[in-house]
Amino acid sequence: MQNTATPTHCPYCALQCGMNLTPAPAGSAGTVEVTERADFPVNRGALCGKGRTAPAVLSSRVRLTSPLVRSAAGTLEEASWEEALDRIAERLLHTRVTHGPDAVGVFGGGGLTNEKAYALGKFARVVLGTSQIDYNGRFCMSSAAAAGTKAFGLDRGLPFPLEDIPKTGCVILVGSNPAETMPPSMRYFHELRENGGKLIVVDPRRTRTAEQADLHLAPRPGTDLALALGMLHLVVAEGRTDEAYIEERTHGWEEARAAAMAHWPEYVERITGVSVPELREAVRMFCEPQAAMVLTARGPEQQSKGTDTVGAWINLCLATGRAGRPLSGYGCLTGQGNGQGGREHGQKADQLPGYRKLDDPAARRHVAGVWGVDPNALPGPGRSAYELLDALGGDVRALLLMGSNPVVSAPRAAHVEERIRSLDFLAVCDVVLSETAALADVVLPVTQWAEETGTTTNLEGRVLLRRQAVAPPPGVRSDLHVLHGLAARFGVEKGFPTDPEEVFEELRRASAGGLADYSGITYRRLAEENGVFWPCPTPDAAVVDGGEDAALDAPPEDDPAGEDDPAGEDDAAPAPGTAPHPGTPRLFLDAFATPDGRARFAPVSHRPSAEEPDEEYPVLLTTGRVVAQYQSGAQTRRVDELNTAAPGPFVELHPRLAARLGAAEGDPVAVVSRRGRAVAPARLTTAIRPDTVFMPFHWPGAGRANTLTNPALDPTSRMPEFKVCAVRLEAVNAARVTGG
C-alpha cells in the first residue's frame, strides 16, 4: 500500500464523488481511511455516510477471500482458483455444446468499471457466442435512455455538468430524492435557490428533497405522464411556447401538441390528484425564467410507460425552447456507480461498444475489426434483463453473473429466485456472498474499487479514473483475470488482457466514431484533468456509423479497425502540433445528434399503469431507497454504522390508512400483491398519500419489497414497472417489530 493519499472515487452512486484514501493509523480496524478530496469538482470534498464508510467492506471479515465450489453434499466449500475456473469452463462449454450457445447467459452490473463491462460483452459474444447478455442497469436508466435517444439521437444522463444547475432559473425534479440517494448533490439545489432559482419536486411522498422545494407536487403513483401532458397543455393555452425554436430545431410538434391538448387541467387533476392551481403555478415557475431544466430519476422511468413518460417531460423542454441552450435542458439522474458507462460499451443485449447498435452492419464491421473476428460471427440482440432472468432454467440453462444481486433487486423476486434455482449451473463473481451468490455452483471472489484501477463514467458523462490504493487479499483476483482465465480455457489465448489500461486502449479504438466516443481519452488525461467528458474523439477520429453523431463534430477516421496500430500505441497522444479534443461537457448547443440535427417530439398520451387498484388490491405500492443503504444492500448491509442507521425494511403509510388497518407505529404489516407477500414494521407519516404505501428495496427475506413488484415491461426500454403496483394490507398477529 502507498504511504501517501491515493486520489480515487466512491464505489457507490453515479456522482462518483472524489475521495482520498490514506493509510489508517496504527491500531485501526481497517487498512485505509477516507479523507477529503476538495479538488474534485462534483462533490468538492463532501461525502455521504456510505462513501465515508466504504473501506469497511474491504475487511476480510465481511468479504469473500477464496473461491467457493458446491460440493456433492450441496454446500459451498473453499477451492483453488484453478479448480473453480476449470469447473466454470467445463460446465459452460458442456451447456453450449449440448444446448447451443444461447443456452448460456451472461448477466452484468452497473457497478462494473468500463473495462470490465467492455470485456464482459466481448467475452459473451466472441468466446461464448451467445446473444443472451444483459445487465442490471436495464432496471435503472433504460427508459430515460430510450426517450433521450428518440428525442435527441443520443443518451447521456446529463447533457451538461452539475455546475450548471445553480445557474439556471428553475429545476423540475421528477421522481428523484437526491437528499437520500446522492446527498452531496443537494448543494447544487441549495445554491440554485440561494441564487433566486426555483425548485419543483414531483414525488408522491414528501421526501427530504421535497421538503426543500419551492413547490411540491404529489401525484398518484403511475401518473407522471398525465402530469407532464397537463403542464404542456397549459403551456400552449397560456401562449408560453417558443415557436421560433420549435420551427428551427424540432420535428413532430403538431402531433405532440394535439396529444397534449387532449389533457385539459381538470382531467389531469382527476388522474393525478394534483390540483389545477398547482399545475398553473408549476408552469409559471418553469416558464418565467430565461433558462430551466427537467431532471428525472427512477420515479417516472421505472414504469411500463416509462419511455413515453420521459418523452412527455422532454416535450415540455422542447416546446418552451429549454433544450440545447445554455443552462437549460432535460437530464436523467443516473443511479448506479457506473450506470452511464455500463450502458455504453457492450454489456447490454442490443449494444456494441461506443453506444453502437448491435443490428447496425457498419457498427458490427467496425467492432469486429477491432476484435479481429468476422462480423457475421457476432450474435444478434438477445433478451432484456428481466426476460433473461425469466428464461433461466428453460431456454437459458447456465449463467455467468458479475456484480449483481437479482434475488433481491429484480421485480417479482420470488419468481426470479425460483428461476435461478432451476439453472443447471450458476457462476457468480462478487465481492461478498450475496443472496444470489449463495445459490451459485461456483463463487469467485473479485477485487473491489480500492483494490483495482479502472474507469467509470458518472451521471454527467465525465469519464473518471479510479486508482488502486491497497492490494487485495491473496485469494482475490479481478474480474478481468476471471475473463482471461475462462477465455484461455475456451481456447482463446489473446484478446482478454488482465491490465485495465490495456483493456481501455482497446475500448478507445472500439468506441472511436460511435456516439459514446472515448478515443481521445487516456489514463494520463484522466489523471491530469480530473476526468474528461465524452464524446471525446481523437483529432483524426471518424463518424463510422452513417453520420449519427455529425452534430458532435467528429471528423472522418482513416483506420476504423485499427490495423495500422493494433496495440493502440499511437493513441496515447495527438499528432505533434494537434491539440487534443477537450471533451464535451455540454451537448446539443449547436445541433442535436440526429441525422438532420433536429430534436423529435414524442406524440404520447396518458394510459393507466399495468396494474391499477381494485377491490381485492385497493392500495398502491411504490418503492425506493433510504440514505444509509444502497441498491440490494449486498455491501452496505455489511457495514455496522449503516445498519445502525437503517436496520431493516419498513412499510411507510399514512395514519388514516393505518387507522383503517388498526396498525400502530412499529406493528408488523403484511403487504400483499398478486406476486407475493412481504412483512415489515409500520412507519406512520403524513408525508405520503393516503392511497399509497412505500417500501425500501434493500433487504432480502420476509421484508423483500421486490417480492411484490410488477415485471410488466415498457415496450421500448423493457424496463419493469417497479414504481407502481396494486397491493392490499393485512394486520399481522405478532409482537411489535423494529427491523428486518
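## Salt bridges overall

The count of salt bridges comes to 42, a salt bridge being a side-chain nitrogen of Lys or Arg within 4 Å of a carboxyl oxygen of Asp or Glu. This is a predicted model, in which local features need pLDDT of at least 70 and side-chain atom pairs count only at pLDDT 80 or more, while totals for chains, interfaces and linings use all residues. Residues are numbered from 1 along each chain as its sequence is written, and side-chain values use heavy atoms, with hydrogens and water left out.

## Arg-489 and its partners

Let's start with Arg-489, whose side chain meets that of Glu-82 in a salt bridge (2.7 Å, N to O). This pair links distant parts of the chain, 407 residues apart: Arg-489 sits in helix 18 (residues 479-489) and Glu-82 in helix 2 (residues 81-99). Helices here are DSSP runs of H or I with at least four residues, numbered from the N terminus.

Arg-489 also forms a salt bridge with Asp-86, with the closest N and O atoms 2.7 Å apart. Asp-86 lies in helix 2 too, 403 residues from Arg-489. Arg-489 is partly exposed at 27% relative accessible area, as are Glu-82 at 44% and Asp-86 at 40% (buried is under 20%, exposed over 50%, partly exposed in between, with a 1.4 Å probe and protein chains only).

## A pair within helix 17

Glu-417 and Arg-421 form a salt bridge, their closest N and O atoms being 3.0 Å apart. Both lie in helix 17 (residues 413-421), four residues apart, or about one turn of the helix. Glu-417 is buried at 18%, whereas Arg-421 is exposed at 54%.

## A network

Salt bridges also join Glu-611, Asp-614, Arg-674 and Arg-675 in a network.

Notes
Helix = DSSP H or I, 4+ residues; strand = E, 2+ residues; numbered from the N terminus.
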